Amino acid sequence: MWYQGDEDEDEDLLCSPAILARRASESWINVPPVEMISQPQTLQRKKSLPDVAGMPRMPDGGGMSREEVSALGSARREEVRRIHEETEKLRANPLLYLVSPQVKDWFSRQQLVILVLFINISLGIMFFKLLT
């Protein structure tokens, strides 16, 4: 019998109002209860990112030069273009998957398993022919 009750309950728990309220309250800085506060305070949001001005700087100026950033960006764009072209080729001709480098690597890693499988099939055929 197929029952999906557990999955539905998990999804309900993730979207329950109590958990959503807790997540929302965690984004605010903790303040003591109202009874302990003599003067009203305004709520402050927690910072989502570290303060860049307060971070230590590297002595040589830090970061990368414009040339390095440009070279890395160009290399990344070229890689994305090449991957996109390769994907288009494979989509146009699915038989190219058989000669792709990934398939060749997989065959080279699985040579022993393929050999054992071939020997087992051969022995099975020979045994079957002996019986008939």
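Mentor: One cut-off before we start. Buried means under 20% relative accessible area, exposed means over 50%, and partly exposed is in between.
Trainee: Okay. So is E79 buried, exposed or partly exposed?
Mentor: Partly exposed, because its relative accessibility is 34%. Keep in mind that this is a predicted model.
Trainee: What does E79 form a salt bridge with?
Mentor: With R76; the closest N and O atoms are 3.5 Å apart. R76 is partly exposed, at 47%.
Trainee: How many salt bridges does the structure hold?
Mentor: Five. One of them joins E85 and R81 at 2.5 Å, N to O. Those two are four residues apart in helix 3, again about one helical turn.
Trainee: Which residues are linked in a network?
Mentor: E78, R81 and E85, through salt bridges.
Trainee: New topic. What about confidence?
Mentor: The average pLDDT is 78, and 61% of the residues score at least 70.
Trainee: Where is L112?
Mentor: In helix 5, residues 111–131. L112 counts as exposed, at 62% relative accessibility. It is part of a nonpolar surface patch that includes F118 and M126, with about 720 Å² of accessible area for the whole patch.
Trainee: And how many aromatic pairs?
Mentor: One. The ring centres of W106 and F107 are 5.1 Å apart and the planes are at 70°, so the pair is edge-to-face.

Key:
Residues are numbered from 1 along each chain as its sequence is written. This is a predicted model: local features need pLDDT of at least 70, side-chain atom pairs count only at pLDDT 80 or more; totals for chains, interfaces and linings use all residues. Side-chain values use heavy atoms; hydrogens and water are left out. Patches are made of residues with over 30% relative accessible area and no salt bridge: like charges are joined within 9 Å, nonpolar side chains (Val, Leu, Ile, Met, Phe, Trp, Tyr) within 5 Å. Accessible areas come from the Shrake-Rupley method with a 1.4 Å probe; for residues, only the protein chains shown count as cover. A salt bridge is a side-chain nitrogen of Lys or Arg within 4 Å of a carboxyl oxygen of Asp or Glu. Buried means under 20% relative accessible area, exposed over 50%, partly exposed in between (1.4 Å probe, protein chains only). pLDDT is the predictor's confidence in each residue, from 0 to 100. Rings of Phe, Tyr and Trp (its six-membered ring) pair if their centres lie within 6.5 Å; planes under 30 degrees apart count as stacked, over 60 as edge-to-face and the rest as tilted.
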